[in-house]
Amino acid sequence: SKYSFSIGYAVGLEEATPNYNFSIYPNPNNGSFTMELDNFTGDQIDLEVYNELGELVYFENISDNNAEGFWQKQLSLGLPPGIYFVKVVSDNVIHTERIIIN
């Protein structure tokens, strides 16, 4: 028996480019840093910070997001040196950034 078949062209996957800006500076830092969110939409923003073990070490709910979606926050966390993950959640966006505290 002889079988022949063909495989069609593969469809490529493109990563979606976010239409918002999220920055943390300075990074690395000493536990004090500034976060800026631009073009984040939604009535509320949850700010979560996790340690390397995945434990929640800081949480804040922000409900004063302005109409343009710009938000700036200065944080001073009394956390020991290490790697942390800052997670920002709004109605339609979840974004995580890694920070290093010296």
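Leaving aside neighbours within four places in sequence, F22 is in contact with M35, E36, L37, V86, V88, H95 and E97, where contact means heavy atoms within 4.5 Å. The model is predicted: local features need pLDDT of at least 70, side-chain atom pairs count only at pLDDT 80 or more, and totals for chains, interfaces and linings use all residues. Residues are numbered from 1 along each chain as its sequence is written, and side-chain values use heavy atoms, with hydrogens and water left out.

**Nonpolar core**

- The largest nonpolar core has 20 residues, of which F22, F33, M35, L47, V86 and V88 touch the most other members. Such a core is a set of buried Ala, Val, Leu, Ile, Met, Phe, Trp, Tyr and Cys residues joined through side-chain atoms within 4.5 Å.
- At least two residues of this core come from each of β1, β2, β3 (45–50), β5, β6 (82–89) and β7 (94–101). Strands are DSSP runs (E, at least two residues), numbered from the N terminus.
- V86 belongs to strand β6 and is buried, with a relative accessible area of 0%. Buried means under 20% relative accessible area, exposed over 50%, and partly exposed in between (1.4 Å probe, protein chains only).
- Apart from neighbours within four places in sequence, the contacts of V86 include F22, F33, M35 and L47.
- V86 and Y58 are 28 residues apart along the chain, and their C-alpha atoms are separated by 9.2 Å.

**Strand pairing**

- An open sheet of three strands runs in the order β1-β2-β5, with antiparallel pairing; two strands pair if DSSP finds at least two bridges between them.
- The edge strands of this sheet, β1 (21–25) and β5 (71–76), each pair on one side only.
- Strand β2 (residues 32–38) pairs with β5 in the antiparallel sense over six bridges, and F33 stands opposite L75 in β5.
- β3 pairs with strand β4 (residues 56–62), also in the antiparallel sense and over six bridges; the bridge partner of L47 in β4 is E60.
- Five residues lie between the strands in the hairpin of β3 and β4, where G54 takes a positive phi near 85 degrees.

**Salt bridge**

- The whole structure contains one salt bridge, defined as a side-chain nitrogen of Lys or Arg within 4 Å of a carboxyl oxygen of Asp or Glu.
- K73 forms a salt bridge with E60, and the closest N and O atoms are 3.0 Å apart. Because K73 lies in strand β5 and E60 in strand β4, the pair ties together parts that are 13 residues apart in sequence.
- K73 is partly exposed, with a relative accessible area of 22%.

How values were computed:
Helices (H or I, at least four residues) and strands (E, at least two) are DSSP runs, numbered from the N terminus.
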